[in-house]
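Me: I have a structure to go through with you. Could we take it residue by residue and then turn to the strands?

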Amino acid sequence: MTDSNPFFSLTSNDPSGKARAGMVHTEHGDIPTPVFMPVGTQGAVKAMEHRTLRELNTPIILGNTYHLYLRPGVETLTAMGGLHKFSDWDRPILTDSGGFQVFSLRELRKMSEEGVEFRAHLDG
């Protein structure tokens, strides 16, 4: 980690182009870039166990904010001590903005100056 940017450090770049690789530094661990992030829709990656992800040295998983909000929900995540404890994942987690659902669930959303309000796709 460098003093000039404690969050990101450049590890290599292509002098003949714009390609580069780096390291993102977080409280839960370092993330090499570029990186593939398996999606844990409701706090778990459905295709494999977290044990397998650790064995594969997966540095980060992605959580979908919209789905986490619906299930398990904010109250459950708070009661469990946060998403890391809920999902038993001690490495970095990136949560998205939910912006994809603004477009993909347009029939279930109402937009205003205050933001976006969704009708849950699960039960309306």
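Me: Is Tyr-66 buried or exposed?
Reply: Tyr-66 counts as buried, because its relative accessibility is 7% and buried means under 20% relative accessible area, with exposed over 50% and partly exposed in between (1.4 Å probe, protein chains only). Please note that this is a predicted model, in which local features need pLDDT of at least 70 and side-chain atom pairs count only at pLDDT 80 or more, while totals for chains, interfaces and linings use all residues. Residues are numbered from 1 along each chain as its sequence is written, and side-chain values use heavy atoms, with hydrogens and water left out.

Me: How many aromatic pairs does a search of the whole structure find?
Reply: The search finds 1 aromatic pair (rings of Phe, Tyr and Trp, the last by its six-membered ring, with centres within 6.5 Å; planes under 30 degrees apart are stacked, over 60 edge-to-face and the rest tilted). Tyr-66 and Phe-118 form this edge-to-face pair, at 5.2 Å centre to centre and 65 degrees between the planes.

Me: Which parts of the chain does the pair link?
Reply: The pair links distant parts, 52 residues apart: Tyr-66 lies in helix H2 (residues 65-70) and Phe-118 in strand E8 (residues 115-118). Helices (H or I, at least four residues) and strands (E, at least two) are DSSP runs, numbered from the N terminus.

Me: And Phe-118, buried or partly exposed?
Reply: Phe-118 is partly exposed, because its relative accessibility is 29%.

Me: What does Gln-101 contact?
Reply: Leaving aside neighbours within four places in sequence, Gln-101 is in contact (heavy atoms within 4.5 Å) with Asn-64, Tyr-66, His-67, Arg-106 and Phe-118. Gln-101 is in helix H5 (residues 99-104) and counts as buried, at 4% relative accessibility.

Me: Changing topic, which residues make up the largest nonpolar core?
Reply: That core has 8 residues: Val-45, Leu-53, Ile-61, Leu-68, Leu-77, Leu-83, Trp-89 and Ile-93. A nonpolar core is a set of buried Ala, Val, Leu, Ile, Met, Phe, Trp, Tyr and Cys residues joined through side-chain atoms within 4.5 Å.

Me: Where is His-50?
Reply: His-50 is in helix H1 (residues 50-55) and is buried, with a relative accessible area of 12%. Its contacts beyond four places in sequence include Val-45, Ile-61 and Trp-89.

Me: Finally, in which sense do E1 and E2 pair?
Reply: Strand E1 (residues 8-13) and strand E2 (residues 20-26) pair in the antiparallel sense over 5 bridges; pairing requires at least two DSSP bridges. A hairpin joins E1 to E2 through 6 residues.
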